[in-house]
Amino acid sequence: MPAPASPRLVALDGLSQIIGEGRMVSDVISDPVWQELTPPERATAQRLISETLRYLGRADHLLSPNLQRQPPLRVMNLLRMATVVRKDIL
C-alpha cells in the first residue's frame, strides 16, 4: 500500500501543473490525489498553492539575486513555496 500523500507534495505537484501546464486551480484540486487528503490537509495544500500564486512575483524577486541560473520548474516552485511561507510574505 503506498504511503499517504503529503499536503506539501500535493501542493507542489499542483503548482507545477498550474504554472507549467496552464491548468486551472479548480481542475487541479479536483484530481483524485486530493481526495486522499483529509480536509485539513486539503486546506493546507490549497492555501500553499493560492498564497504562492498570490505572491509569485515577490518570491521570484527575492529568489532571483540568489540564483545563478533558472532551476527546473519543480525546483523553482519548491523554492517559491518555501520563500512565501518562510519569509512571511503572507
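Which residues in α1 meet which residues in α6? In this predicted model, the α1 side of the contact includes Arg-8, Leu-9, Ala-11, Leu-12 and Asp-13, along with Leu-15, Ser-16, Ile-19 and Gly-20. From α6 come Leu-73, Arg-74, Asn-77, Leu-78, Arg-80 and Met-81. By type, the residues of this contact divide into eight nonpolar, three polar and four charged.

The two helices pack at an angle of about 120°, and their axes lie 9 Å apart. At that angle, α1 is oblique to α6. Their crossing is right-handed.

| α1 | 7-21 |
| α4 | 39-54 |
| α6 | 73-86 |

Next, the core. The largest nonpolar core holds 13 residues. Those with the most contacts inside it are Val-10, Ala-11, Trp-34, Leu-37, Ala-45, Ile-49 and Met-81. Both α1 and α4 supply at least two residues of this core. The largest share, five residues, comes from α1. In soluble globular proteins, nonpolar side chains tend to be buried together.

Met-81 belongs to this core and also to the contact of α1 with α6. Setting aside residues up to four places away in sequence, Met-81 touches Arg-8, Ala-11, Leu-12, Leu-15, Leu-48 and Thr-52.

Finally, Pro-71. Is Pro-71 buried or exposed? Its relative accessible area is 16%, under the 20% cut-off, so Pro-71 counts as buried. Beyond its neighbours within four places in sequence, Pro-71 is in contact with Met-76 and Leu-79. Leu-48 lies 23 residues from Pro-71 along the chain, and their C-alpha atoms are separated by 20 Å.

Methods:
Residues are numbered from 1 along each chain as its sequence is written. This is a predicted model: local features need pLDDT of at least 70, side-chain atom pairs count only at pLDDT 80 or more; totals for chains, interfaces and linings use all residues. Side-chain values use heavy atoms; hydrogens and water are left out. A nonpolar core is a set of buried Ala, Val, Leu, Ile, Met, Phe, Trp, Tyr and Cys residues joined through side-chain atoms within 4.5 Å. Buried means under 20% relative accessible area, exposed over 50%, partly exposed in between (1.4 Å probe, protein chains only). Helices (H or I, at least four residues) and strands (E, at least two) are DSSP runs, numbered from the N terminus. Contact means heavy atoms within 4.5 Å. Axes are lines fitted to C-alpha atoms, for helices over the stretch in contact, and angles run from 0 to 180 degrees between N-to-C directions. Angles under 35 degrees count as roughly parallel, over 145 as roughly antiparallel, 65 to 115 as roughly perpendicular and the rest as oblique. A crossing is left-handed if the near helix is turned anticlockwise from the far one by less than a right angle, and right-handed if clockwise. Ala, Val, Leu, Ile, Met, Phe, Trp, Tyr, Cys and Pro count as nonpolar, Asp, Glu, Lys and Arg as charged, and the others, Gly among them, as polar.
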